[in-house]
Amino acid sequence: MEMILYFILFGFIVSTLVGALISWIDRKVTARLQYRVGPPLLQPIIDLVKLFGKELLIPKGASKITFLSSPIIGLVGIAIVSTLLCMINIWPEKTFFGDLIVVIYFLILPSLSIILGGIASKNPLASIGSSREIKLVLAYELPFILAIIVPILKSGLTIQIGQIIGYQAANQAIAWSLSGVLSFIVILLCIQAKLGLVPFDIAEAETELAGGAVIEYSGPALAIFKLMKLMMLFVLPFFMSIMFLGGLNFTGVGAVKSLLGFLLIIVLIIVIRNTNPRLRVDQALRFFWGPVTILSIIAVILATRGL
Amino acid sequence: MSIKLKALLKSPWVFHLSTGSCNNCDIELLDCLTPRFDIERFGMVLIGSIKHADVLVCTGSVTRKCIPRIKEVYELAPRPIIVVAIGECSLSRGMFIDSYNCPVPLDKIIPVDVYVPGCPPKPEAIIAGVTKAIEKIRKSIKEKK
Amino acid sequence: MKREDILNGIKDRFEDSITEFSDRSKKRVYIDIDHKVIKDVIKYMIHDIGARFNIASGIDARTEMEILYHFTIERINIIISFRVRINRDKPEIDSITPLIKGAEWIEREMHELLGINFIGHPNLKKLLLSEDWPEGVYPLRADYKEWDKDAIRDRGVK
């Protein structure tokens with residue numbers, strides 16, 4: 001019974017609120033960098049409330065079940081990941097065998113839901129957006145999985161997140177070693193692609209594809225997609241912070257240090273977003289399967305040596 | 001005022017449709033995004049697909065080829081929607097009133113809520129026009145009560 | 001080739017077809033030519049001189065119709081325009097689209113707006129006017145009259 005309470009609390013409420021705060025920080029910093037005033041504080045929440053009040057239009061030849069259920073698939077996937085990560089961070093003894101693999105598996109669901117939604121709408125622009133997203137997922141999943149091996153190796157060949165947190169609490173954080181730095185950079189780039197931010201926002205390229213894979217969505221279905229993106233803005237840097245910086249502590253001076261680490265990841269994401277143009281999908285594929293994969297292989301080799 | 005309408009007025013997403021204009025009004029509309037007249041502080045964003053939009057901004061005198069397409073775009077927009085006509089050409093076709101290719105003005109094809117005159121109107125005029133639309137909706141809600 | 005050589009070359013080659021040669025300024029030359037030799041002139045300009053076809057213009061002068069073909073030679077900074085005059089009651093001329101692919105659309109536009117028939121054009125259909133435009137009504141002619149009963153031509157203010 002209490003699992004449902006945890007699911008609603010950690011899965012939806014915490015991730016939505018913190019995700020909305022991070023999205024506002026992102027828009028405000030971008031506006032300030034361009035010498036403008038940005039939107040007010042509650043803008044992401046107001047966008048969601050407005051979208052829930054609009055009409056829902058389904059295109060005529062689209063398959064209704066896939067069209068309406070793909071946002072929900074993505075939302076449920078990210079909510080499960082958020083619940084798991086929050087619970088294991090607060091109570092590291094609740095970890096179970098193989099929960100790292102569960103988390104990696106459920107993290108594919110948001111990208112999959114966008115692909116399904118784009119293919120289910122009967123629109124050629126949406127199918128181009130979906131096919132580009134498929135190529136992008138193929139590109140970044142490979143170095144992502146390779147770089148996740150580094151924390152597994154360094155914390156004694158364990159695939160339980162609670163034991164990775166325990167290892168980092170006992171020794172230093174994984175990001176302070178050479179292989180840790182390299183895999184930190186690799187996972188930062190993969191997260192940039194997973195979140196759909198410049199330079200990898202190929203699937204939702206606004207001026208080129210008129211909205212990309214979500215072009216036919218309106219009203220509450222679009223609101224669920226935007227909510228999913230907000231929650232991903234919280235969950236993915238949180239995942240990085242758990243794997244490489246030891247998670248979020250709540251007591252003592254460790255609280256300030258871990259919060260600064262979390263903010264550092266967000267600042268890096270915003271800086272990369274504001275200083276780069278958008279890549280084409282073949283350039284992104286070559287980038288991820290070329291330098292980034294080689295970097296992650298070097299990181300894994302260094303981790304086996306103990307560096 | 002209901003919370004739906006409050007949220008609509010605080011975050012209107014703008015879709016830009018040009019029906020055969022000389023592009024001056026389009027440039028002035030894009031000027032509104034620049035740092036001097038920043039409209040993102042009101043929550044307005046220039047959006048790519050009509051199905052995500054709350055405000056439909058039309059520029060240009062309406063050519064014959066464009067009339068069925070304007071009707072289709074207006075039907076695709078999810079309600080509630082506000083239509084803004086910008087520039088002399090969409091109000092009354094301006095200097096092209098005797099042209100062979102522009103038979104009717106814009107408000108004979110789709111219902112228009114706000115008219116912004118000027119050739120081209122300054123960005124301050126465009127922002128004032130959209131603000132007047134918001135005020136008009138607020139007043140009409142109050143009068144209904 | 002220099003400017004004088006090019007102009008003298010055109011003058012010598014098409015001696016009996018040129019009716020008027022007006023050297024307006026350093027950058028603009030207008031040459032009036034008989035409409036039967038237009039294809040040879042175009043071939044000469046493209047292959048022998050190496051000019052680039054820029055655009056064509058159509059005019060309804062009240063007694064006849066005129067078409068101007070504009071060619072540019074960038075290395076000596078000159079635009080040469082060839083003017084042909086054709087009959088106004090039944091305007092016809094050879095199409096230059098088989099020689100220059102880029103002239104296809106301007107000839108379609110001249111056909112639908114002025115009513116000039118281009119013999120040998122591969123694809124002579126409407127370019128800019130809408131599908132429900134009536135046949136035989138050419139808007140850019142001098143005697144065009146309003147045919148649309150539903151058009152609104154007053155501003156609505158007294």
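Two residues are taken to be in contact if their C-beta atoms, placed from the backbone, lie within 7 Å. The structure is a predicted model, in which local features need pLDDT of at least 70 and side-chain atom pairs count only at pLDDT 80 or more, while totals for chains, interfaces and linings use all residues. Residues are numbered from 1 along each chain as its sequence is written, and chains are lettered from A and ligands numbered from 1 in the order in which they are written.

In these terms, Ala147(A) is in contact with Ser183(A), Val186(A), Ile187(A), Ser296(A) and Ala299(A), neighbours within four places in sequence being left aside. Ala147(A) belongs to helix α6 (residues 124–154) of chain A; helices (H or I, at least four residues) and strands (E, at least two) are DSSP runs, numbered from the N terminus. With 29 other C-beta atoms within 10 Å, Ala147(A) is buried. A residue is classed as buried if 20 or more other C-beta atoms lie within 10 Å of its own, as exposed if 12 or fewer do, and as partly exposed in between, with C-beta atoms placed from the backbone. The C-alpha atom of Ala147(A) is separated by 29 Å from that of Gly117(A), 30 residues apart along the chain.

Chain A contains 12 helices and 0 strands. Its radius of gyration is 19 Å, close to the 19 Å that the globule rule gives for 307 residues, so chain A is as compact as a globular protein of that length. The radius is taken over C-alpha atoms, and the rule is 2.2 Å times the number of residues to the power 0.38. The C-alpha trace of chain A spans about 60 × 45 × 45 Å along its principal axes. Of the 307 residues of chain A, 44% count as buried. Among contacts in chain A with a separation of 6 or more, 79% are between residues 24 or more positions apart.

Two helix pairs of chain A were examined. The axes of α3 (residues 64–90) and α4 (residues 99–106) of chain A come within 9 Å and cross at roughly 150 degrees. Axes are lines fitted to C-alpha atoms, for helices over the stretch in contact, and angles run from 0 to 180 degrees between N-to-C directions. α3(A) and α4(A) are therefore roughly antiparallel to each other; angles under 35 degrees count as roughly parallel, over 145 as roughly antiparallel, 65 to 115 as roughly perpendicular and the rest as oblique. The contact involves Gly77(A), Ile80(A), Val81(A), Leu84(A), Leu85(A) and Ile88(A) of α3(A), together with Asp99(A), Val102(A), Val103(A) and Phe106(A) of α4(A). These residues divide into 8 nonpolar, 1 polar and 1 charged. Ala, Val, Leu, Ile, Met, Phe, Trp, Tyr, Cys and Pro count as nonpolar, Asp, Glu, Lys and Arg as charged, and the others, Gly among them, as polar.

For α10 (residues 220–245) and α11 (residues 253–274) of chain A, the axes come within 10 Å and cross at roughly 125 degrees, which makes α10(A) oblique to α11(A). Pro237(A), Met240(A), Ser241(A) and Leu245(A) in α10(A) meet Ser258(A), Gly261(A), Phe262(A), Ile265(A) and Ile266(A) in α11(A). By class, this contact has 6 nonpolar, 3 polar and no charged residues.

Between chains, 17 residues of chain B are in contact with 26 residues of chain A. The side of chain B that touches chain A has 5 nonpolar, 5 polar and 7 charged residues.
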